[in-house]
Amino acid sequence: MRVMAQMAMVMNLDKCIGCHTCSVTCKQTWTNRSGMEYVWFNNVETRPGQGYPRTYEDQERWQGGWTLNKRGRLKLKAGNRLKNLMTIFSSPKMPSIQDYYEPWTYDYETLTNAPLQEHTPVARPKSLITGKEMSISWSANWDDDLAGSTELAPSDPVLQKVSDKVKLEFEQTFMFYLPRICEHCLNPSCAASCPSGAIYKRSEDGIVLVDQDTCRGWRKCVTGCPYKKIYFNHRTGKAEKCTFCFPRIEVGLPTVCAETCVGRLRYIGLVLYDADAVLEAASVEDDRKLLDAQRSVLLDPDDPEVIREAERSGIPRDWIEAAQRSPIWSLINRYEVALPLHPEYRTMPMVWYIPPLSPVVDAVSETGEDAENSGNLFAAIEHLRIPVEYLAELFTAGDTAPVTAVLKRLAAMRSYMRDINLGREPDESIPASVGMEGEQVYDMYRLLALAKYEERYVIPPAHAEQAHGLEELATECSLDYEGGPGMGGWGPFGEGSGGTTPIAVENFQALKQRQTTNTLADPEDKEKRVNLLNWDGKGRPEGLFPPAPGNERGAPERMDGTDPGGETDPKP
Amino acid sequence: MTTTLDLVLWVVVPYACLAVFAVGHYWRYRYDKFGWTTLSSQLYESRLLRWGSPLFHFGILAVFLGHVMGLGIPKSWTAAVGVSEALYHVMAVGVGAVAGFCTVVGMAILIYRRRTVGPVFSATTRMDKLMYLVLAIVILLGLANTVVGNIVGHYDYREGVSVWFRGVFLFDLHPALMAEAPFTFQAHGLTAMLLFALWPFTRLVHVFSVPVGYLWRPYIVYRSREDRLGGQAPRRGWDRVGARYRR
């Protein structure tokens with residue numbers, strides 16, 4: 001047994017309202033850069049729907065993930081190592097920009113520059129790839145809220161698997177949202193596909209990262225990842241992916257997507273797993289046994305033997321304790337309500353989902369029956385084949401039994417807790433009917449419904465004795481970096497060349513630029529206002545007082561200690 | 001008799017270019033690992049790339065191996081293992097023509113693609129354009145050599161250019177041999193040297209990243225946070241307790 005720790009996430013799909021806040025904040029944090037315009041490390045898909053990139057789940061087409069060869073051994077679906085190398089010059093299964101979407105902006109300037117004319121000027125969309133005018137016909141969430149679903153949803157690869165006779169009549173339509181980030185798999189096929197060995201799994205917390213200095217842009221990882229969560233930065237020619245916000249995780253903060261989640265549906269915590277058992281578990285022959293295999297790889301953090309082994313492999317004591325309090329472990333193995341996304345890809349994904357009960361609840365309440373009654377709900381779960389089969393294709397390789405079990409537990413929690421909330425005698429037969437105890441159901445309710453911040457996120461910070469090596473803890477002056485704070489700019493090979501800049505330095509530069517730039521952020525025709533927090537109290541900085549008559553702007557009276565280039569914000 | 005010009009062209013220039021090549025790569029790798037990439041444009045366009053890129057790359061790999069054979073291995077060695085002049089000739093011209101043809105066709109597709117596909121063209125830097133120009137000239141001159149050396153006239157490069165080329169690395173200089181070579185051979189050699197000098201400053205550096213190690217390394221790479229994170233080693237005097245000496 002080789003115990004390793006893994007930072008994992010669970011998302012409670014019942015609570016997702018599809019607001020895309022996670023996507024937007026993630027994009028603002030990580031991918032608001034040239035070359036990454038089309039990239040969403042976090043995206044929210046409406047299901048049924050094609051997803052992003054389009055039909056990425058159709059592995060017969062995209063060849064992502066692992067499969068078993070004739071001898072029952074794990075191999076990359078896209079081909080073995082030699083084939084991988086032979087197809088390096090033109091990666092045949094890589095989605096094109098059209099499969100994601102062509103990013104665009106609008107020429108807003110026309111709105112103010114257009115000459116006097118009969119019709120109101122409009123801002124036309126301009127492609128960020130070609131720079132030319134374009135007509136928008138697809139985006140990362142084009143089929144949001146089932147938009148155009150009669151036309152688009154039939155090509156949802158998951159829906160196609162469910163059954164041939166599924167008709168997407170609107171009366172039968174069900175819908176839920178699926179937020180997706182990188183799965184930070186235990187058996188990552190992206191890393192296995194990388195010819196350069198640039199993609200690695202951090203041995204401390206299992207976060208999968210791309211070494212930007214080692215990546216050579218062979219693009220094999222894009223094909224290798226069945227979730228299509230590795231993106232090619234077309235400006236720098238390097239692969240980039242969700243980082244699980246490691247700079248935040250290292251200091252004990254949840255990821256940006258989780259922190260900003262309006263529905264508070266994300267859970268982050270540690271799980272301990274047996275690294276030696278991963279390969280065997282991923283090689284189980286029957287797709288439908290993969291769920292159990294994956295559950296069994298995770299180790300019980302309360303088991304004394306596991307604790308002993310964990311300590312032996314150098315996992316710090318407070319990490320073990322965090323693993324014991326982990327909401328992830330509880331949701332996966334204690335309450336058994338969380339399921340992995342597409343276990344049949346055999347990558348052992350570590351972002352799990354609690355399937356949504358709401359399609360079932362909605363269906364029951366539409367009939368006028370009591371949608372909180374466990375009997376009604378249980379009957380509906382059995383009766384409503386389409387949602388259950390669909391969820392099963394997503395989470396259990398098509399096996400409906402585990403999905404039904406999870407939905408029943410959620411339904412049982414609903415009706416059991418209703419009795420308590422209404423002050424009625426709790427009906428202990430309800431939890432018993434799903435193999436739980438009342439106490440357990442209450443704990444689950446606490447975790448899922450109340451979802452306190454400190455119960456949702458149990459993130460042990462990285463260790464202080466390692467802090468010096470951590471990028472974001474500025475234990476040494478972050479400006480002492482090669483090239484110094486004056487770095488800005490790029491090397492002689494155009495942008496993207498030169499050494500990587502620490503995030504702290506980048507932030508420093510961005511802030512400085514925003515505050516001192518002469519363009520839009522600093523309109524010439526507007527007065528400046530002084531940031532008093534940065535004023536040292538000496539002298540008269542520019543903009544503190546309105547310009548004296550006859551004294552041109554830009555030539556204020558200066559006194560000692562005044563920094564004319566100091567931080568000033570433009571007036572809105 | 002070697003003139004000063006011959007000395008400059010066939011001794012000074014080659015050494016200068018090769019020095020730039022070697023030192024340039026070392027410097028680029030030290031300074032610009034982040035910029036060391038193939039800079040693939042497949043995301044923008046893959047229909048033309050699908051044909052052009054493999055044709056060009058496999059072609060140029062074969063051409064490279066041909067050069068290793070032709071320039072690197074002395075005539076006496078091949079003769080010693082019983083390869084007759086005629087056999088070698090047929091082999092070299094046959095394989096060389098196929099490889100050269102693939103390379104040129106692939107390159108034509110790739111250049112056409114680069115010029116006509118909007119996003120690809122706008123992602124092309126000035127350095128790329130210069131590199132494409134020089135590379136195209138080198139390849140076309142190389143192809144011309146096959147014609148000039150075998151069909152139009154006859155020039156046995158294995159007793160001329162090859163000896164000079166090996167001499168450059170063995171410090172056994174024969175500028176006179178190059179001075180006697182047909183013009184296309186001289187031009188091919190010189191432009192190739194120019195290409196070598198440009199090499200470290202272009203995207204061609206990806207040639208040195210051929211990931212052969214992929215065939216043997218374990219599928220999943222684990223890395224510890226401590227030694228790599230932050231991209232910088234601790235400053236001198238700030239090593240953690242127990243850290244080993246960096247030598």
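**Confidence**

I started with chain B, which averages a pLDDT of 89, with 91% of the residues at 70 or above; pLDDT is the predictor's confidence in each residue, from 0 to 100. This is a predicted model, where local features need pLDDT of at least 70 and side-chain atom pairs 80 or more, while totals for chains, interfaces and linings use all residues. Residues are numbered from 1 along each chain as written, chains are lettered from A and ligands numbered from 1 in written order, and side-chain values use heavy atoms, without hydrogens or water.

I noted ipTM 0.88 and pTM 0.83 for the model.

**Fold of chain B**

I got ten helices and one strand for chain B, taken as DSSP runs numbered from the N terminus (helices H or I, at least four residues; strands E, at least two). The C-alpha trace of chain B spans about 70 × 45 × 40 Å along its principal axes. Of the 247 residues in chain B, 42% are buried (buried is under 20% relative accessible area, exposed over 50%, partly exposed in between; 1.4 Å probe, protein chains only). For contacts in chain B between residues at least 6 apart in sequence, 78% join residues at least 24 apart.

**Aromatic pairs**

I searched the whole structure and found 33 aromatic pairs over all chains. Rings of Phe, Tyr and Trp (its six-membered ring) pair with centres within 6.5 Å; planes under 30 degrees apart are stacked, over 60 edge-to-face, the rest tilted. Y52(A) and Y101(A) have ring centres 6.4 Å apart and planes at 55°, so I logged that pair as tilted. Y52(A) sits in the loop between β2 (43-47) and α2 (59-62) of chain A, and Y101(A) in the loop between α4 (97-100) and β5 (104-106) of chain A, so the pair ties together parts 49 residues apart in sequence. Both Y52(A) and Y101(A) are buried.

How are the rings of W27(B) and Y31(B) arranged? Their centres are 5.3 Å apart and their planes at 10°, so this pair is stacked. Both lie in helix α1 (residues 4-31) of chain B, four residues apart, about one turn of the helix. W27(B) is partly exposed at 36% relative accessible area, and Y31(B) is partly exposed at 30%.

Conventions. Contact = heavy atoms within 4.5 Å.
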